[in-house]
Amino acid sequence: MTTPRVFLVRHGETEWSLNGKHTGLTDIPLTANGEKRVKATGRALVGDDRLIVPRQLAHIYVSPRRRAQRTFELLNLGITDPLPWKKHGEKLPDVPHDCGARVEVTNDIREWDYGDYEGITSPEIRKIRAEQGFTEKWDIWRDGCVGGESPAEITERLDRLIKDIRDKWHAPVIGKPKSENQHPGDVLIVAHGHILRAFALRWTDKTLQEGPAFLLEAGGVGTLSYEHHSLEEPAILLGGAFVVSS
């Protein structure tokens, strides 16, 4: 039986992610080491016998930020159609697999708008808030960002994207017998640390205020799916096996 998945890919390392600075609207490039690590991730996890099988991808969502788009390029999925942006770096070597999925840039998966907290670290934010008279320790999942987005606003746009994924790409294939002629159902999302962790919470019907007890490193890959081949039982897939021919 088919159980489609969603792969969450956080963009590679930037100077600000390396230093713990909150990076929302600021569009900065990957570091050289960040590019190198994403290329290694692509070689390890993308392929016909790997975790992410390009021919099984039905659709791909990418943030409008350059760092996410370059990360997608470096995964080297073998996309057959032109990308919806001008490439941010050199063309990578051809790969032996093809991916017919369409790539869509969507603001629904852009990073949290940090507002007044853009470009500063969590300790700096807590210090500023203490000086402003806030007594509770700052928690983005509960408090949001002054001058930026609230948890309710994040929830609204993520719920819209989740509905799109389930209605368009997962509902048509979930629970169907596996066959060589079946339509692909997996979805890939390339975006950012806070928004992808928030996405995983909403995927499993948790509120953002509950806060995630999990991390997603720069350049890291996470997987979401369902239990019992059911759209009504969304789940976080802690460990995904590689695909092999039977």
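Tryptophan 112 counts as buried in this predicted model, because its relative accessibility is 0%. Its ring forms an edge-to-face aromatic pair with tryptophan 141, with 5.8 Å from centre to centre and 80 degrees between the planes. Tryptophan 141 also counts as buried, at 8% relative accessibility.

**Aromatic pairs**
- The structure holds 5 aromatic pairs, one of which joins tryptophan 112 and tryptophan 141.
- Tryptophan 112 sits in the loop between strand 3 (102-105) and helix 4 (122-131), while tryptophan 141 belongs to helix 5 (residues 140-143), so their pairing ties together parts that are 29 residues apart in sequence.
- The rings of phenylalanine 199 and tryptophan 203 are stacked, because their planes meet at 20 degrees, with the centres 6.0 Å apart.
- Phenylalanine 199 and tryptophan 203 lie 4 residues apart in helix 7 (residues 193-203), a separation of about one helical turn.
- Phenylalanine 199 is buried at 0% relative accessibility, and tryptophan 203 is buried with a relative accessible area of 0%.
- Ring pairs link Phe199 and Trp203 with Tyr226 into a cluster.

**Overall fold**
- The chain has 7 helices and 6 strands, which follow one another along the sequence as β-α-α-β-α-β-α-α-α-β-α-β-β.
- With a radius of gyration of 18 Å, close to the 18 Å that the globule rule gives for 246 residues, the chain is as compact as a globular protein of that length.
- Among contacts between residues at least 6 apart in sequence, 72% join residues at least 24 apart.

**Surface and charge**
- Of the 246 residues, 50% count as buried, and the chain exposes about 12,300 Å², of which carbon and sulfur atoms supply 50%.
- The chain carries 33 positive and 36 negative side chains, and the centres of these two sets lie 3 Å apart.

Conventions:
Residues numbered from 1 in each chain as written. Predicted model: local features only at pLDDT ≥ 70, side-chain atom pairs only at ≥ 80, totals over all residues. Heavy atoms only, no water. Helix = DSSP H or I, 4+ residues; strand = E, 2+ residues; numbered from the N terminus. Rg over C-alpha atoms; globule rule 2.2 N^0.38 Å. Buried < 20%, exposed > 50% of the residue type's maximum accessible area, 1.4 Å probe, protein only. Contact = heavy atoms within 4.5 Å. Areas by Shrake-Rupley, 256 points an atom, 1.4 Å probe, with all protein chains shown as cover. Lys, Arg positive; Asp, Glu negative; His and termini not counted. Charge placed at Lys NZ, Arg CZ, Asp CG, Glu CD. Phe/Tyr/Trp six-rings, centres within 6.5 Å; stacked < 30°, edge-to-face > 60°.
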